[in-house]
Amino acid sequence: METEEKKEKAEIWAIAGGKGGTGKSFILSSIGTHLAEGGKKVILVDADLGGANLHSFLGVNKPKKSLTNFFENKVPLSDLVENVGNGSLGLITGNFNSLDSGAIKHHQKLRFFRQIKKLEADYVLIDLGAGSHINTVDTFLLADKMMVIVVPEKPAIENMYEFTKKALFRRLSVSFGAHGLKYLFAGAWENRASHKIGNLRDFIDFLANSSEKAREIIDFEISNFHIHIVINQARNIQDRSVGFAVKSLFKKYLGFTFQYSGCIWYDDTVWNCIRKGHNFMELCNTSKCAVEIMKLTKNVREGSHLK
Amino acid sequence: MRSGNHEAHQKCEGRLSSEIIKMDRKNHKKYFDILELDLDASLAEIRKAYLDLKKLYSTDFFLTSPISDDFPDERRGDILKQIDDAYSHILALLDKDGNIQENGEGISYCTDCGHDQYIAKISAFSGKILKELRERMGVELHEISRKTNISMQQLENIELENFQKLPPAVYLRGFVTAFAEYLTLDPHKAAEDIMKRYKIWKDMKGSDK
């Protein structure tokens with residue numbers, strides 16, 4: 001007789017960042033490749049609203065089945081996994097407008113989340129692309145490990161800053177709703193002008209002062225809001241220190257802790273490799289960049305951070 | 001004079017183990033949190049964190065909205081004051097090896113008057129004032145020397161205004177700028193003020209023939 005082994009839930013990582021072109025797909029596909037090479041079962045999910053391109057970084061053709069089949073034809077998510085590379089790496093590709101709110105009703109979104117959590121793998125890595133559409137943010141908040149990535153340039157930093165605030169706002173909104181305080185939250189927000197609430201900090205302070213329960217919810221959610229930040233395409237020490245600066249800003253401003261998990265130096269070989277359509281981690285796994293991506297993976301898995 | 005006390009040698013270089021350090025400092029955790037430091041940070045790490053944070057919240061990292069919208073001058077001022085207070089509290093607790101000492105006489109740093117008010121009251125910089133500020137901030141000359149590549153001797157000469165031992169104006173100005181920048185002081189004002197004093201010395205020297 002066979003005893004059924006209780007499968008452990010897959011650990012879900014999500015990567016977002018607000019701005020396009022910062023390297024999310026490259027880094028996520030590289031992390032996935034690295035984990036798979038270490039014997040882990042990994043499923044990559046390409047949920048980029050702007051168009052799926054994870055497959056290009058993996059050096060394979062775009063799979064025919066995609067998330068569109070999930071949303072429109074109710075194909076189970078697990079049926080959409082296409083094996084790529086050495087066998088323990090799988091890919092679910094997306095489509096332009098995969099997560100667009102016009103196409104997806106709330107119950108479909110919930111179905112999507114339910115099935116993501118049930119995917120059989122050690123790791124499920126979700127590429128959320130650029131932008132802060134509510135479905136992107138909600139998928140981000142679903143993850144066990146949330147990652148944002150920036151290049152050390154002002155526009156990217158600002159976009160990431162805005163995205164992170166939106167994510168925190170949404171988390172608080174959902175949490176207040178779950179505790180029966182939906183109207184307190186929504187009301188405070190709608191009337192923010194009359195309450196002289198000028199920014200997110202003011203809003204959070206206002207809520208915290210409105211009741212003991214609200215304060216407890218806020219303290220809990222903020223202390224459990226862990227985001228991993230990655231600096232990509234760093235060229236010097238100042239670039240590396242952007243990670244610490246961002247960490248400080250959020251700590252001082254909103255009170256939560258960014259984990260500075262990785263600083264990936266700019267490396268020309270990456271671009272050359274991608275241009276030729278190869279999987280960078282497979283081809284150049286002794287390059288400096290590859291080593292840093294391995295370190296980044298370790299840091300996110302173990303919760304350690306750069307000093 | 002070194003005594004033959006071998007127990008003292010067991011605390012390598014005067015520092016206790018990390019665990020003991022953390023336990024000693026636990027009651028003062030909130031100050032370490034403000035400086036975003038681990039509890040077992042060394043004195044050098046504490047100073048570096050202080051200066052880095054002062055720089056971050058004083059300069060134009062916040063060049064455009066939305067970040068600058070969330071950090072109006074008032075808030076930045078509050079944060080800077082918090083950083084100063086945390087630093088002065090921590091220094092007051094520690095001896096020169098970074099251990100908590102019992103008698104309440106740590107590295108002296110003004111805990112009553114705010115550092116920023118002190119600076120605001122300065123009408124003109126001088127070598128003496130640079131030295132005073134450096135000591136108030138608990139910064140050693142060798143640290144500045146390492147970071148700016150200016151020899152300790154020259155930094156000392158600037159503080160003592162030994163102009164005859166310092167290089168010509170065009171180099172001196174650069175030294176003073178770097179010195180002031182390291183201490184997160186206004187480098188232009190410091191350079192202007194001290195070069196004025198240099199000029200006075202030079203003119204007087206020229207007239208003694």
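## Terms and model

Contact means heavy atoms within 4.5 Å. Helices are DSSP runs of H or I with at least four residues, and they are numbered from the N terminus. This is a predicted model, in which local features need pLDDT of at least 70 and side-chain atom pairs count only at pLDDT 80 or more, while totals for chains, interfaces and linings use all residues. Residues are numbered from 1 along each chain as its sequence is written, chains are lettered from A in the order in which they are written, and side-chain values use heavy atoms, with hydrogens and water left out.

## Helices 7 and 8 of chain A

In helix 7 of chain A, L184(A), F185(A), A188(A) and W189(A) meet F203(A), F206(A) and L207(A) of helix 8 of chain A. By class, this contact of helix 7 with helix 8 has seven nonpolar, no polar and no charged residues. Ala, Val, Leu, Ile, Met, Phe, Trp, Tyr, Cys and Pro count as nonpolar, Asp, Glu, Lys and Arg as charged, and the others, Gly among them, as polar.

Helix 7 covers residues 182-190 of chain A and helix 8 covers residues 200-208; their axes come within 11 Å and cross at roughly 135°. Axes are lines fitted to C-alpha atoms, for helices over the stretch in contact, and angles run from 0 to 180 degrees between N-to-C directions. Helix 7 and helix 8 of chain A are therefore oblique to each other; angles under 35 degrees count as roughly parallel, over 145 as roughly antiparallel, 65 to 115 as roughly perpendicular and the rest as oblique.

## Helices 6 and 10 of chain A

Helix 6 (residues 154-178) and helix 10 (residues 237-253) of chain A pack at an angle of about 35°, with axes 12 Å apart. Residues of helix 6 in this contact include I157(A) and K165(A), and those of helix 10 include V242(A) and Y253(A). The contact of helix 6 with helix 10 divides into seven nonpolar, one polar and one charged residue.

## Chain A with chain B

Between the chains, 15 residues of chain A are in contact with 19 residues of chain B. In chain A, E158(A), L249(A) and K252(A) lose the most area to chain B, together 38% of what that side buries. Buried area is the accessible area (1.4 Å probe) that two parts lose on being put together, summed over both.

The rule finds one salt bridge across this interface. K252(A) and E36(B) meet through their side chains in a salt bridge (2.8 Å, N to O). A salt bridge is a side-chain nitrogen of Lys or Arg within 4 Å of a carboxyl oxygen of Asp or Glu.

Key
Helix = DSSP H or I, 4+ residues; strand = E, 2+ residues; numbered from the N terminus.
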